Amino acid sequence: MYEARAIATDDKATLYAELAEQAAGLMHGERNMIANAANFAALVYDALPDLNWAGFYLFDGDELVVGPFQGKPACIRIALGRGVCGTAAQTGETQLVHDVHAFAGHIACDAASNSEVVVPLFHADGSLFGVWDVDSPLVGRFDEDDKRGMETLAAAFMKAIG
């Protein structure tokens, strides 16, 4: 049985490094993508304060489709280029959004969400896997340290699933 350790630090770099280490341990030896994605989302949602959604949108060849997540029910399908998730997937760049209401074309799956970080995920061959998405009810919840931290976490996830 895996038990996550509480992370007691105010330093975000340390927090995300420890969380990435825990995620790697949680997924170690498991190759099933669904199992890893579900546990990964649960770990991050439980470990980080002020989140109201954490999860994956997976690319099905045409659009993003909701995958394993923690939080309220979400939009099921998102077109590439639409909203924060579709923009991250289309551009291949992490989206750090301090206030989602100021993001042109934002898709409000949960009206309580006010800030967001979305990291695009790619297979080793460069093809799109999907996106890792975290939302907060707080405006300005995420900063550059969170962006880098989420990119580190996303890299740990992609490494684990091969």
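1. How many cavities of 30 Å³ or more does the count come to? The count comes to 1 cavity of that size. Here, on a 1 Å grid over the protein atoms alone, a cavity is a set of points where a 1.4 Å probe fits but cannot get out, and lining residues have an atom within 4 Å of a point. Grid points are joined across faces, edges and corners, and a volume is the space filled by probe spheres set on the points. The largest cavity holds about 170 Å³ of space.

2. A word on the source: this is a predicted model, where local features need pLDDT of at least 70, side-chain atom pairs count only at pLDDT 80 or more, and totals for chains, interfaces and linings use all residues. Residues are numbered from 1 along each chain as its sequence is written, and side-chain values use heavy atoms, with hydrogens and water left out.

3. Of its 18 lining residues, Ile107, Cys109, Glu116, Asp133 and Asp135 are the closest to its centre. Strand E1 (53-59), helix H3 (83-91) and strand E6 (128-136) each give two or more residues to this lining; helices (H or I, at least four residues) and strands (E, at least two) are DSSP runs, numbered from the N terminus. The largest share, 3 residues, comes from H3. By class, the lining has 9 nonpolar, 3 polar and 6 charged residues (Ala, Val, Leu, Ile, Met, Phe, Trp, Tyr, Cys and Pro count as nonpolar, Asp, Glu, Lys and Arg as charged, and the others, Gly among them, as polar).

4. Next, try the helix pair H2 (residues 33-47) and H4 (residues 144-161): their axes come within 10 Å and cross at roughly 155°. Axes are lines fitted to C-alpha atoms, for helices over the stretch in contact, and angles run from 0 to 180 degrees between N-to-C directions. H2 is therefore roughly antiparallel to H4 (angles under 35 degrees count as roughly parallel, over 145 as roughly antiparallel, 65 to 115 as roughly perpendicular and the rest as oblique). Among the residues of H2 that meet H4 are Phe40 and Val44, and Phe157 is one of their partners' side; contact means heavy atoms within 4.5 Å. The contact residues divide into 9 nonpolar, 1 polar and no charged.

5. Finally, H1 and H2 pack at an angle of about 150°, with their axes 10 Å apart. These two helices are therefore roughly antiparallel to each other. Their contact residues divide into 8 nonpolar, 3 polar and no charged.

Note on methods
1 Å grid on protein atoms, 1.4 Å probe; cavity = no way out; pocket = protein on both sides within 12 Å on 5 of 7 lines; lining within 4 Å.
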